[in-house]
Amino acid sequence: MITFPESFLWGAATAAHQIEGNNTNADWWAREHAADTELAEPSGDAADSLHRWPEDVALLADRGFGAYRFSLEWARIEPEEGQFSRAMLQHYRRIVDACLDSGLAPMVTLHHFTNPRWFARRGGWSSPRAAERFARYVEAVTPILDGVSWICDINEVNMLSMTRGEEGNEMTAASLPAPSPLVTEHLIDAHHRAKDALSTLPAAVGWSVAGQAFHAADGCAEEMAAYRYPREDLFLEASRGDDFLGVQAYLRTFIGADGPLPVPAGAETTLMGWEYFPQALEICIRHAWELSGHTPLFVTENGIATADDERRKDYTFDALAGLANAMADGIDVRGYLHWSLLDNYEWGTYRPTFGLVGIDPKTFDRLPKPSLDWLARIARSGELVR
């Protein structure tokens, strides 16, 4: 029997743009509606969580989960530079209060890929003032974070650098350009400034890094290490001294002499086209622990895009078994947040379904899948059982 510590936090994660709907002031909304967009479909109403968030909180709280990770939407809070919406600040505070009142530890993400349009027009994360502007936003939201135990200031910071900070993308290191050194510098600066702004709160502050479980093809260890460093290792090293480091893992990536290799022929793949590889979580946890200098870890995302909910259980069981192996070796992991609570907008399409809960696209009714109650039983008991 595999058991997790009683203090271990279990929950699920979401992101504002992917579930709230009609985030019209965000750069991603502009991209979705551009005349020459390459995206399959716009986000539209998403899951209407801007209004139905109490149902989302209850889905976790009523089943005995211990944590809910959700994000604030910068584009709603600061719709024009220096102008902050008191109404939206109060809106997100109500979500924090609902979590606290229902026994959920809120993990609040301050930036999950999307930017305000005005920020993008001023150069986005490439601008010399990017970190300053982000810090001003963090200072504005700090008062509504009282009582929050966990704050993730920037989600998948390495992916943000690979997209040049101009657009979010829930993709892989193999499908994105090399990180921008300038954007990387600005993101690290923004992280330090955010930590300073949040230092008045008794909260654990960190960021999350997307792990790729990089593998070297035969004879290509040096090429793999060189490829991985600016895309992952640099950000893990920059996490040293943080209160925690969020680890996000879904897949593995093989690196050959000329870069990333395609998914092996005949391998099972997910609805994202990624190789089915639940062992990625343990690999990424061990690598993050080593590179971060033993910074406490939190699994801030892990899951699978599939229409087969039984396969979702299989993937999650094996990922959690690997996580338990790493913890048994002394690696400090504080909790596990499944991606995602809801089927949502996956950056251009609704086709990949990651959720423990489905959404009726016409009524927005929440449709819990068997995997939600299965994971809830594990969360309540701390025992990993099929």
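## The sheet

Nine strands build an open sheet, ordered β6-β5-β4-β3-β2-β13-β12-β9-β7, with parallel pairing. At the edges sit β6 (204-206) and β7 (208-211), each pairing on one side only. From one strand to the next, the twist averages 25°. Strands here are DSSP runs of E, at least two residues, numbered from the N terminus, and two of them pair if DSSP finds at least two bridges between them.

This is a predicted model, where local features need pLDDT of at least 70, side-chain atom pairs count only at pLDDT 80 or more, and totals for chains, interfaces and linings use all residues. Residues are numbered from 1 along each chain as its sequence is written, and side-chain values use heavy atoms, with hydrogens and water left out.

Zooming in, β4 (residues 105-109) and β5 (residues 150-152) run parallel and are joined by three bridges. T109 has C152 in β5 as its bridge partner.

## Helices across it

Helix α10 (residues 221-237) lies across β7 and β9 (245-249), at about 145° to β7. Helix α11 (residues 280-291) lies across β7, β9, β12 (297-302) and β13 (333-339), running at about 150° to β9. Helices are DSSP runs of H or I, at least four residues; contact means heavy atoms within 4.5 Å. Angles run from 0 to 180 degrees between N-to-C directions, with axes fitted to C-alpha atoms, for helices over the stretch in contact.

## A lined pocket

By class, the second largest pocket is lined by seven nonpolar, three polar and three charged residues. Ala, Val, Leu, Ile, Met, Phe, Trp, Tyr, Cys and Pro count as nonpolar, Asp, Glu, Lys and Arg as charged, and the others, Gly among them, as polar.
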